[in-house]
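Trainee: I would like to go through this structure one point at a time. Please give the cut-offs as we reach them.

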Amino acid sequence: MIKKRARRLKISKNIEIMNTENFAGTANNLLTELQEELAQWSAAGQRRVLQAVDSACSRTLRVNGEVLLNFASNDYLGLASHPQVVAALQEGAGLWGAGSGASHLLGGHLRAHQDLADALAAFTGFDRVLTFSTGYLANLAVTPSLAGRGAAIFADRLNHASLIDAMQLTKAGGAEIHRYPHNDTGALAGLLANSRAKRKIIVTDAVFSMDGDLAPLSALLALAQRHAAWLVVDDAHGFGVLGEGGRGSLSHCNLPAHPQLILMATLGKAAGVGGAFVAANATVGEYLLQKARTYIFTTAAPPALSMALQTSLRLLQEPQRQATLRRHINRLRAACAELPWHLLPSDTAIQALVVGDNQAALTLSQRLRAAACWVPAIRPPTVPAGSARLRISLSAAHRDEDIDQLITALQCAAKTLV
Ligand SMILES: *Cc1c(COP(=O)(O)O)cnc(C)c1O
């Protein structure tokens, strides 16, 4: 027994010696592999850069001591820094503390969370709302909870990454996956008709996040009804922007709540704060509460956020911000008609100017930056290869002269670059 232990000690000592000798070499090999990939991304113009911004979210942003007009934020209504929203956040922290302390089902679901959920249910017209810490987590909750073995997912090809990841999770659970060409209801109808899956789930962005166009929601709901399918709609970019009082894309398409319809929207974009919600029929809501792992196994968001969101939900219903945003959209689109680049059709705050080549998109973005406009270039794999673009985000926080400054900068760049 003693002998055996001695031998084991000796063996582990040998391993230790080997480790210290080879450690540096092994780690270097591991790092070299990653560095080679990083270098490939740089060479392909695909390397992303993280930039710390030295100012609160508003119409301008300060980076490296420069002040630039901000055409990159999703704060479409200018609520992120609104004094009433900030005050509600501060008051909320005073009332409810900084953290929720637990997951929703284990005591972290505070009255502030429930009040927000009730307000969102009343606002959207659905029976039941569950709130989530982020939109990414909300999307991971819905499709995987509904799908199981024998389910089939029908997803638009241009769906947001979080919907794609949600779909990948269903694959692990045995679901079939079908991706239909962007907004092609004919192709979708064919796929639905041919499917023998016992549970069918159609999943789409309402406003596509890199193009700004709308899904044909009425036609999709009609297909869902004809084929006894669920329709999951991600309205991250329509909520607060489109529809009556900012109710979103469903309201814009005159679609009231429907039992087969499950709405997800984020609260970190037009609502200006953070988090997300899923709105659905009472049964669906109760089902998700039992099954959604990203609701159950995570700490409830800080309750003060719910207080801030109740205030922003009131503010976003005031019509003047949507009207200002619309004016900016029209102004930009009218001017861009003259440019050599193609502005994708969009009535939303997302205006995508397609340049094509990765490097050309980067160069244009740099030119605009030199003219004090911050407009990010979006490259593959975020968008299809060959469709690198500038993603111009407009906001009610912008002033008319901000839009004019961007237009002038684009016109100057067109003269020298094309
Ligand atoms: C931003 C976005 C999300 C993710 O929402 P977060 O709250 O930022 O995690 C989901 N879907 C779409 C379409 C989005 O644009």
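Trainee: How are α2 and α11 oriented to each other: roughly parallel, roughly antiparallel, roughly perpendicular or oblique?
Mentor: The axes of α2 (residues 83–96) and α11 (residues 303–315) cross at roughly 150°; axes are lines fitted to C-alpha atoms, for helices over the stretch in contact, and angles run from 0 to 180 degrees between N-to-C directions. Angles under 35 degrees count as roughly parallel, over 145 as roughly antiparallel, 65 to 115 as roughly perpendicular and the rest as oblique. The two helices are therefore roughly antiparallel.

Trainee: What kind of model is this?
Mentor: Residues are numbered from 1 along each chain as its sequence is written, and side-chain values use heavy atoms, with hydrogens and water left out. Local features need pLDDT of at least 70 and side-chain atom pairs count only at pLDDT 80 or more, while totals for chains, interfaces and linings use all residues, since the model is predicted.

Trainee: Within what distance do the axes of α2 and α11 come?
Mentor: Two packed helices are described by the angle between their axes and the distance between the axes. For α2 and α11, the axes come within 7 Å.

Trainee: How many nonpolar residues are in the contact of α2 with α11?
Mentor: Contact means heavy atoms within 4.5 Å. Residues of α2 including Val85, Leu89 and Trp96 meet residues of α11, among them Leu305, Met307 and Leu315. Ala, Val, Leu, Ile, Met, Phe, Trp, Tyr, Cys and Pro count as nonpolar, Asp, Glu, Lys and Arg as charged, and the others, Gly among them, as polar. By these classes there are one charged, four polar and, as asked, nonpolar residues numbering 12.

Trainee: How many helices and strands does the protein have?
Mentor: Both are DSSP runs numbered from the N terminus: helices are H or I with at least four residues, strands E with at least two. The protein has 14 helices, and its strands number 14.

Trainee: What percentage of the residues is buried?
Mentor: Buried means under 20% relative accessible area, exposed over 50% and partly exposed in between, with a 1.4 Å probe and protein chains only. Of the 418 residues, the buried share is 48%.

Trainee: Which side chain makes a polar contact with that of His104?
Mentor: His104 is in the loop between α2 and α3 (111–124), and counts as buried because its relative accessibility is 9%. A polar contact is a pair of N or O atoms within 3.5 Å; within protein, one must be able to donate a hydrogen and the other to accept it, and residues adjacent in sequence count only if both atoms are side-chain atoms. At 3.3 Å, the partner of His104 is Tyr295.

Trainee: Is Ala228 buried or exposed?
Mentor: Ala228 is in the loop between α7 (217–226) and β7 (229–234), and has a positive phi of about 50° although it is not a glycine. Its relative accessible area is 61%, so Ala228 is exposed.

Trainee: Which residue is joined to Pro380 by a cis peptide bond?
Mentor: Omega of this bond is about 10°.
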